[in-house]
Amino acid sequence: MPLTNKQYDAIMREYDRRQYRNYRTQCARRDEVFQKIPRIREIEEQISSFSIAQAEKLFLDEQGTGADPRALEDLRRGLTALRQEKELLLKGQGYPADYLEMHYTCPACQDTGYIGRRKCDCFRREEIRLLYSSSRLEEALSKENFSTLSFDVYDAEQKAAMPAVIGACQRFVQTFDQEFQNLMLYGPVGTGKTFLTNCIAKELLDSSHSVVYFTAFQLFEQFSPSYGDAGSAEEQCHDAILDSDLLILDDLGTELLNTFTVSRLFQVLNERALRRRSTIISTNLSLKDFRDLYSERIFSRITSSYTLLKFTGSDIRIRRKISGSP
Ligand SMILES: [Zn+2]
């Protein structure tokens, strides 16, 4: 699934907009400062003529046509003094030293999307968001997030158990950038696993992380040898699976299992752990059934490096239908 031309253009247009916005902000800041501290405009003019003179002297020096070393040193000193004066003037009026510089949204690529010929991380994140934050996820996220979470839907057993589970999910989000961590949500159908997974996904997407969502069935479809064209499209998809900030694997245990899928799953979990990329697994299976269905190897990989969150109680969706609420 590579980007379509339209998607690529949309990303590039956003970079143009960003550059223009940041340029306008810089112009406004300069106008403001020049009005308040007119000396700064003079300093900037002097800095630029000094810099040109310095470049000329360096050029002569390089040609071996003998630039005067003392003159060069004077220029350097002059430049330093001017920069210091500018900084002091800015500080005197309560401005940060870099107030007049261009402020990029992404300093790494200076809002071009590329570092040399390589796509910047910010481009990759946007690409992954476009490709894989499928409509299913985006639509669900508008309804299912921490702000719409309500205890009213839970039965008595869930009301007792859920605060700890929800707390663990919130901690997962809060410490996401500092700690490498994984979650496994397990328990019967309809006990709120997907809802909480969506809450986490929404928070992380909102803070510009790349989140990739697959049901187990979709994941193995991606890996099946007959799927899609070989080459870059497939590589791109595998990159997203292995390299996204968060991979959500929903409904594990519903896919068709064979030794190929089991070993692929192990590879994915392992590779992500090596790259210190977080994964959330959810399954309707009990831990025992999970271990019986997959291998001991996968089970111990998960129990050793995942926080296990147990969901209990009766099916929320069925209860809602019976009580007639939406
Ligand atoms: Zn960037």
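Trainee: Does Cys-122 count as buried or exposed?
Mentor: The model is predicted: local features need pLDDT of at least 70 and side-chain atom pairs pLDDT 80 or more, while totals for chains, interfaces and linings use all residues. Residues are numbered from 1 along each chain as its sequence is written, and side-chain values use heavy atoms, leaving out hydrogens and water. Buried means under 20% relative accessible area, exposed over 50%, and partly exposed in between (1.4 Å probe, protein chains only). At 12% relative accessibility, Cys-122 counts as buried.

Trainee: Which residues coordinate the zinc ion?
Mentor: Donors are N, O and S atoms within 2.8 Å of the metal (3.2 Å for Na, K and Ca); water is not among the atoms, so sites may look incomplete. Here the donors are SG atoms at 2.3 Å, from Cys-106, Cys-109, Cys-120 and Cys-122.

Trainee: What arrangement do the four donor atoms around the zinc ion make?
Mentor: Four donors count as tetrahedral if all angles lie between 85 and 135 degrees. The angles here are 106 to 114°, so the arrangement is tetrahedral.

Trainee: Does Pro-107 count as buried or exposed?
Mentor: Pro-107 also has its place in the loop between α3 and β1. Its relative accessibility is 59%, so Pro-107 counts as exposed.

Trainee: How much space lies in the second largest pocket?
Mentor: On a 1 Å grid over the protein atoms alone, a pocket is an open set of points where a 1.4 Å probe fits, with protein on both sides within 12 Å along at least five of seven lines; lining residues have an atom within 4 Å of a point. Points are joined across faces, edges and corners, and the volume is the space filled by probe spheres set on them. For the second largest pocket, that space is about 270 Å³.

Trainee: Where does the second largest pocket lie?
Mentor: An automatic or database domain assignment gives the bounds of domain 1 (5-92) and domain 2 (133-323). The centres of these domains, over C-alpha atoms, are 49 Å apart. Both give residues to the pocket lining, so the pocket lies between domain 1 and domain 2.

Key:
Four donors count as tetrahedral if all angles lie between 85 and 135 degrees; four count as square planar and six as octahedral if opposite donors are over 155 degrees apart and all others between 65 and 115; anything else is irregular. Helices (H or I, at least four residues) and strands (E, at least two) are DSSP runs, numbered from the N terminus.
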